[in-house]
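I opened my notebook for a friendly look through this structure. Here is the entry, with the picture first.

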Amino acid sequence: MSVNDYKDTIRLPRTDFPMKAGLPRKEPELLERWERIDLYRRLREQSEGREKFILHDGPPYANGHLHIGHALNKILKDVINRSQQMLRKDAHYVPGWDCHGLPIEWKIEEKYRAAGQDKDEVPIVEFRKECREFADHWIDVQRDEFKRLGVAGDWENPYTTMAYAAEAQIAREIGKFLMNGGLYKGSKPVLWSVVEKTALAEAEVEYHDHTSTTIHVRFPVVKAAREELAGAAVVIWTTTPWTMPGNRAIAYADDITYTILQVSEVTPDSAIGVNDRLVVAAALAAAFKQAVGILATSQETSISGKHLAGTVCAHPLRGKGYDFDVPMLRGNFVSEEEGTGFVHIAPGHGADDFNLGTAHGVEVPQTVAEDGTFYDHVPLFAGLAVYRPDGKRGPANKAVLEALGDSGNLLATGQLVHSYPHSWRSKAPLIFRNTSQWFISMETNDLRAKALQAITDTAFYPASGRARLYSMIETRPDWCISRQRAWGVPIPVFVHKRTGEPLRDQGVVDRIAEAFEAEGADAWFSSPPSRFLGNDHEADDYEPVMDVVDVWFDSGATHSFVLEARDDLAWPASLYLEGSDQHRGWFHSSLLESCGTRGRAPYEGVLTHGFVMAEDGRKMSKSLGNIVSPQDVVQQYGAETLRLWVVASDYSEDLRIGPEIIKRLVDMYRRLRNTLRFLLGNLDGFDVSERVAPGDMPELERWVLHRLWELDALVREGCEQYDFHRLFRELHDFCAVDLSAFYFDIRKDSLYCDAVTDPRRRAARTVLDELFSCLTAWLAPITCFTAEEAWLCRFGGESESVHLRNFPEISDDWRDDALAAKWERIRRLRRVVTGALERERAEKRIGSSLKAAPKVYVTADYKAALASLDAAEIAITSGLELIEGEAPDDAFRLDEVAGVGVVPAPAEGGKCERCWRVLPEVGTRPEAPGTCGRCADAVAVSRAAAE
């Protein structure tokens, strides 16, 4: 009889769940379905009264299409939100956008420049309207791109920093600092962009290699604190010659030993004369002599740094408008790493310079204007540009070198390639420039202390983030919040024209906020001051501040107009999540804003992820052609591939992506999909009446239930700790190794060939049902489309969705540690048998493993473990003889599995035409010719059911 005669009695898998996913086509269909059934609203209704989990969205900038970093960030947020929702929490996610600031303003300016127009001639309200429209357009584009990634959230009601209510609240938050004394106007050196004509926050700065001109310059001593210094000159070294007009002091270190060099011989082209006496750090003297052309000295006198106190020098350009004294001051930042051991102090061009100078009452000169040119009052260099508006070097450096050369005090020049601050937008080099700006004090109201305590009280993922943020807050200067731009929330402050003092009046703050709430921040520019000052103050006595606030203050205040303003959210947030650069960005500004107004952080936890690199570890760039566009990946492979990439990577470090990595992800996805397809195919027609209680199941099924118990604990821990990398790896390996390569491999025979009433088959199907329930739930936060597709394939009601489920509750009764240990031993034995049969197959001595009946030599513990089990079933052979004792020398062994040796042998008997096992009993049942006894019984049951 032919096997075809038994075809109808074999229960082969049957499912509509396709092997080929077709994700680029399927995913949009599911997105449309979720919209149709209003899934997000139903989730909110279902979650009413639950513990809230609020991941506050760090707003992306509304400017351009999404890049791969956006995909990483939003997908990770979505995985977290979905998992928390399935942990029976109310994970309401409100996406947001950062809308103000230089990038958008720059784009609008580009349009005017291209048309030959001056942006400053455009009425400011009209210009701001164009910026708002630009942001609106890109919000719509990005919203669709985020939704295509499967990111669930309240997309119909997002927050934006340019919403009128948001602008009003930002004004109120500034008002709080104004009223508590934390906000003040001061003159300090800040990082300044000549191109954009504005101060920049540290988070808006990039560091790139830059070639600077270095100079050695001498400052003649005019007042010597020690006799040996008389007639000498102190030598400084700097990489910024253009700052020399701003020099007002020289810094030294007490603990450095200096040397006074008396020159006796120089190179022909040296600017130094014989008998010149020069002071430098002793440890740097050799390098200094080589750099300036000193061939020999007649005397070298040591002097301790602490003995330099009280010494005064002349500016190297004395007699040319720089006739002031230059005092020598002790500075704790001076080192012997490079240069001469002295630092020239220009208080208007550096933080250390400013702090040291002001601490000693040294003048902080205004030397460089906002356009990068020297002010008219600067001797010799008036009107010369340090950097031009296009970001290129101006003539100032060269002019300073020439003037120093003419004075005879320029000893040497050189070139140095070093890391230098650049604008992240224009890519142009920046300068430190002394300007009048608005600051929030780190000391007033104990802001620094409160912020440091808040960091201590916050959970960080990974934990190293705490130390990083702590060190930044511990040493940071006061927060410069003013920007000299047009597109932003204005600093809503009035300054008294005579005293220069800001007006601190809560009534004025309230009227400003009320106007912003109704008309937006444009009201500041379109309304007369009297509208806000009211009857309590004379409008002629005050002038409004026309600077806008730092966009980091905007985003740092989002907690106030999102978390506190919406009844469906909660303050503080459960989690803030962004890239690791946000320790100096959004995490930082949010911390300071909240601690300054509420005394604590606006978040309970902070999670950071790394940056995205090309798969070879290099930075992505157009020139290298290694940019991976999320849109391209979605179009070719589907969003699930990107979602897998996020969790398959260790996102606490920098991530990599590229063609080869994507191929591996596709393979991973295929394994997961095949697991779900196997489950669906073999659960066809499953009914609750088939279920078998765990206590009545075979050991193998109880082992699977134990593994589900273990994974449940791991999944829940992973979700709570946001460790999805480990969680996914365990789930993937469970599907690929424990299930596909082991459990499914063994149980296929039972599922296909046992009688439908067989207790073993019923137990297996019961376990498959539990597997399907667990895996679709556990995978739903990660592969949100595929889990839904699989769920609907089995439970296809119009209102059904896997995302309305919670993680299944797993009974502790499923735990069986002793059984797990026993089956770990059995699996080790199975690996040796499988290895032996693979060798036989490679040598073409057998085809299928069912043609084998190996002899397996084992130690007593292995034999005991298999005593009550069908070892041939586990090894997928037709027979298997367990022999306690030492294996022959020619037996197959694996070094990592001691105590097991396998001698392959052919199975004896006939081949069952239904299950293909080779057994002596085949053909002994006339009612089912060509079958084994098990299959003959199954055929009888099947035919009886058909009748």
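Below are my notes on a helix pair, a single helix and some strands.

**Before I start.** I am working with a predicted model.

**Entry 1: a helix pair.** I know that two packed helices are described by the angle between their axes and the distance between those axes. I looked up both for helix α1 (residues 23–36) and helix α24 (residues 784–794): the angle is about 75°, and the axes are 10 Å apart. Angles of 65 to 115 degrees count as roughly perpendicular, and α1 and α24 are therefore roughly perpendicular to each other. Which residues make the contact? From α1 I noted L23, K26, E27, L30, L31, R33 and W34. From α24 I noted C784, F785, T786, E788, E789 and L792. By type, the residues of this contact between α1 and α24 are seven nonpolar, one polar and five charged.

**Entry 2: helix α28.** Next I checked the span of helix α28 (residues 933–946). Its 14 residues reach 20 Å from the first C-alpha to the last, close to the 20 Å expected at 1.5 Å a residue. I then asked which residues of α28 are buried. I found G933, R934, C935, A936, A938, V939 and S942. The cover over the buried residues of α28 includes α22 (724–753) and α23 (759–779).

**Entry 3: strand β7.** How many of the six residues of strand β7 (residues 233–238) are buried? The count is six of six, so I wrote the strand down as mostly covered. In a regular strand the side chains alternate between the two faces of the sheet. In β7, A233, V235 and W237 point one way, while V234, I236 and T238 point the other way, and all are buried.

I also looked up the partners of β7. Strand β6 (residues 205–223) pairs with β7 in the antiparallel sense over six bridges, and H216 stands opposite W237 in β7. Strand β10 (residues 277–281) pairs with β7 in the parallel sense over two bridges. There, L278 in β10 is the bridge partner of A233.

**Entry 4: an open sheet.** Last, I traced a sheet of four strands. The sheet is open, its order is β5-β4-β16-β18, and the pairing is antiparallel. Which strands stand at the edges? They are β5 (198–199) and β18 (479–480); each has a single partner strand, so one side of each is left without a neighbour in the sheet. For β5, I followed the pairing with strand β4 (residues 183–193), which is antiparallel over two bridges. W192 stands opposite A199 in β5.

Terms used. Residues numbered from 1 in each chain as written. Predicted model: local features only at pLDDT ≥ 70, side-chain atom pairs only at ≥ 80, totals over all residues. Heavy atoms only, no water. Axes fitted to C-alpha atoms, helices over the stretch in contact; angles between N-to-C directions. Parallel < 35°, antiparallel > 145°, perpendicular 65-115°, else oblique. Contact = heavy atoms within 4.5 Å. Nonpolar A, V, L, I, M, F, W, Y, C, P; charged D, E, K, R; others polar. Expected span 1.5 Å × (residues − 1). Buried < 20%, exposed > 50% of the residue type's maximum accessible area, 1.4 Å probe, protein only. Pairing = 2+ DSSP bridges.
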